[in-house]
Amino acid sequence: MKDIYIPGLDEDARLHKKKQDGSLLREREDYKKIYAKEFFNVYNEGTVADGFVCMCRNQRIYIDENWQFVYFIDYAYALDKIRGYRFGNLTPSYEILLSHSLSELKYSDPATPFCVDYNKIIDGMECMVQRIIEEIRHSNTKRLADKIKWFENLRIKPAKHFEEALQRILFVNQIMWQTDHYLTGLGSLDQLLYPYYERDVKTGYTDEKTVKEQLREFLQILHQYYWYKSSMLMGDTGQIIVLGGSEKEGNYRYNILTEQFLDLVQELQLPDPKLLLRVNEKTPEKIWKKALTCIGTGVGSPIFSNDQVIIPALEAFGIEEEDARSYGVSACWEPLIAGKSVSLNNMTTLNYMRPMENLFRREQLSRLETFDEFTECYITYLGRNLNAVKRVLTNARFQYDPVLSVFIDGCREKQKDASWGGAKYFHAGITSVALGNVIEVLLNIKKYVYEEKNYSLIEIKRMILTNYEGMESEQKKLKSKKRYFGTDEEEVIQLTKKIMAATTRFTKDYRNEYGGKLKFGLSAPTYIDAAVDMYASFDGRKYGAPFVVHISNETADSYTEILNFASALDYGENRFNGNVIDFMVTPDFIRNNMDKFVTLMKVGIKKGIFQLQMNVVSSETLIRAKENPEAFPNLIVRVWGFSAFFIDLPDNYKDMLISRALKNEGKEG
Amino acid sequence: MIVRKWLENQCNGKYWKDYLHTYGYSKIALYGAGELGRYLAMELRSSEIKVIVYVDRNAHELKEVYHIPVVTLEEFIRTFGHEVDALIVTAVSADREVLHEMVCRLPELPVMSLRDMIFEM
């Protein structure tokens, strides 16, 4: 990163620090009192649309003269008042502003309050565009005349050139962030931009090298405001670029831009924006190698997503074929139809351990005479827990959002806000955590209670609810044994499928107020947070200790074992809201086994894994980086479903990564 | 929050008697003779589920509530522990402490948290 010039990076670092110590918030409050009074009055007292117009009139316009493109966020003027459940974790339709001008989008005869507000949003953007043009005129910026032309065109005609399309994507993206739409995705950019690229190259307007330079800058620009865009953890920005895809007849779809994005992310070594590569059986060897070489550098990207499993699952759920074929994802892995869906894919987390804890607390355990009875009882408690989950979804109220509605297909046509069902898809998604631990607990109970009769259920209750008080040796024994979850033993697979099917049974009838259905997946960002207040479990996990990460098993004998396990699961019905295998791999392993690794991945895709991501780092590096952070400022790791600088993570996340790496390398029991 | 959820449940026709019936309980004890404990006993009054005893730190002052005896946790474990099907903790802050005590002293008895259950109904 030292060699890459990123304007505003010092400013970013300063603000990041201020965000951490709380002074940014205070500074912002002062700013409100002195400078932004009008804006906040209008926003607090008027409509969202009035606030947006006021923001566009007043926010700071910043033209960085070193960049070819214009991109800025004025955090002091961000629309951040929460009037219900915020929309976020979405990808707007950038295409709308590529294929239309602002003036074309306006209603000629706004008949409803929504249409009036919609036009106000367009007016606000036109005002901002005019202010940007004025600011460019008074600057010494690179490509001054081109920039003016791009912004003038934005008001009156669709985008024509590749570079103009990039500028428009940046414009929409900055509007999203400026209006507090957290975790804003970037969509399938290789597909979206390719027609512009193709035309420009054909006419001699641009060439491959120039385009690559522009994409490099585009990625660097999007990496700015890293601190502002980060949600729960530094790096959790949701800025995901989707690459590749599948044609109707199954052929793999990619282009020169797919390759350029992979090359550039590898070269830049920035954790954000991150990449998701859609793959299928026909993905060419060179794309696999490029992708694995990229991830082999430790940058955390791309995550791999299996079209052969995901597209059919989406279609079976009711997504139209063409939309399913163009799927992207929410911030991490949850499949999402970009620009057409306001499905919030991570509304809450199903904690599979909660029903297990409740079972031990509430059940008359002596009644459970067989393992099957115990499992059925767990499933009953799971159903009760899912009632609570569904209730959280039912009670969510969405904020009126005419800004997002401009960039979601369907809203303009239906004259309906995104929050009123204007979007084509309005499903609800939940993530889940701890299924790996629950499978472990169930199979341990089968073995130690019902088969070997080493313990009674009451003894186990005492172990877990007292945090193994006086039973430390049992805890150590359980913790150090090879784990079941993620192995390809038939019993493990069948039990996992049974719990997943039960989850479907309890959730498939759910409908939200717009008829949207409920989906879930086996990956969640909450494997540390959701465990904090949870009792110990009968897999050697102590009170508050983290749960298993996604679909992972560091004690498995081989990577093949976990691929076999994951591909044997059934991701149909509503079980497709992100199911990521999470590998820990040492850099040497990939470097020295590239061909074998490509084969391994291809086999996994063919067999039917859902998604896969990996941390390519050794335990030794992680330990040294924790002890001496200044020596490793640019070390990147994969957390949840994003990449982040190791230095930015809280200690418990660092410790978990170290522990997983040690186990993976066979250095920790 | 709990009272709001309770009201929401009632508006949606969800009652404690039906929920507790799914566990097969007929005799219960309530930990906490404060407002929530009293509301719960009132709601269950017309059902087949009987509140046998309250358990409360202030048992010596309260003696009984709605003709239901109030005892200390110690007395409960000694006298009533084997007479009831479950102990429902209505005093949210005491949940962990009570559970720990019960697991050590009377591990067979189910201990439920009103706060957790109210969302599941």
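User: How far apart are the C-alpha centres of domain 1 and domain 2 of chain A?
Analyst: They lie 33 Å apart. Keep in mind that this is a predicted model.

User: And where do those domains run in chain A?
Analyst: The domain assignment puts domain 1 at 9-331 and domain 2 at 348-579.

User: How many residues does each domain give to the contact?
Analyst: Domain 1 of chain A brings 31 residues and domain 2 of chain A brings 26 residues.

User: Which elements of domain 1 give two or more residues to that side?
Analyst: In chain A, those are α4 (48-58), α7 (113-137), α9 (162-178) and α15 (307-317). By class, the side of domain 1 of chain A that touches domain 2 of chain A has 23 nonpolar, five polar and three charged residues.

User: OK, new topic: α28 and α29 of chain A. At what angle do they pack?
Analyst: Helix α28 (residues 619-627) and helix α29 (residues 651-664) of chain A pack at about 155 degrees, and their axes are 8 Å apart.

User: So are α28(A) and α29(A) roughly parallel or roughly antiparallel?
Analyst: Roughly antiparallel, because angles over 145 degrees count that way. The crossing of α28(A) past α29(A) is left-handed.

User: Which residues meet there?
Analyst: From α28(A) you have Ser619(A), Leu622(A), Ile623(A) and Lys626(A), and they meet Lys654(A), Leu657(A), Ile658(A), Ala661(A) and Leu662(A) of α29(A). That contact has six nonpolar, one polar and two charged residues.

User: Let's jump to chain B. What is the strand order in its open sheet of six strands?
Analyst: The order is β3-β4-β2-β1-β5-β6, with mixed pairing. β3 (64-65) and β6 of chain B are at the edges with a single partner strand each, so one side of each has no neighbour in the sheet.

User: In which sense do β1 and β5 of chain B pair?
Analyst: Strand β1 (residues 27-31) and strand β5 (residues 86-89) of chain B pair in the parallel sense, over four bridges. Leu30(B) stands opposite Ile88(B) in β5(B).

User: Which strands does helix α5 of chain B touch?
Analyst: Helix α5 (residues 73-80) packs on the sheet and touches β1, β2 (50-55) and β4 (68-71) of chain B.

User: Last one: how many residues of chain B are in contact with chain A?
Analyst: 15 residues of chain B, and they contact 16 residues of chain A. α6(B) gives the largest share of the chain B side, four residues. That side splits into eleven nonpolar, one polar and three charged residues.

Methods: Residues numbered from 1 in each chain as written. Chains lettered and ligands numbered in written order. Predicted model: local features only at pLDDT ≥ 70, side-chain atom pairs only at ≥ 80, totals over all residues. Contact = placed C-beta atoms within 7 Å. Nonpolar A, V, L, I, M, F, W, Y, C, P; charged D, E, K, R; others polar. Domains from an automatic or database assignment. Axes fitted to C-alpha atoms, helices over the stretch in contact; angles between N-to-C directions. Parallel < 35°, antiparallel > 145°, perpendicular 65-115°, else oblique. Left-handed = near helix turned anticlockwise from the far one by under 90°. Pairing = 2+ DSSP bridges.
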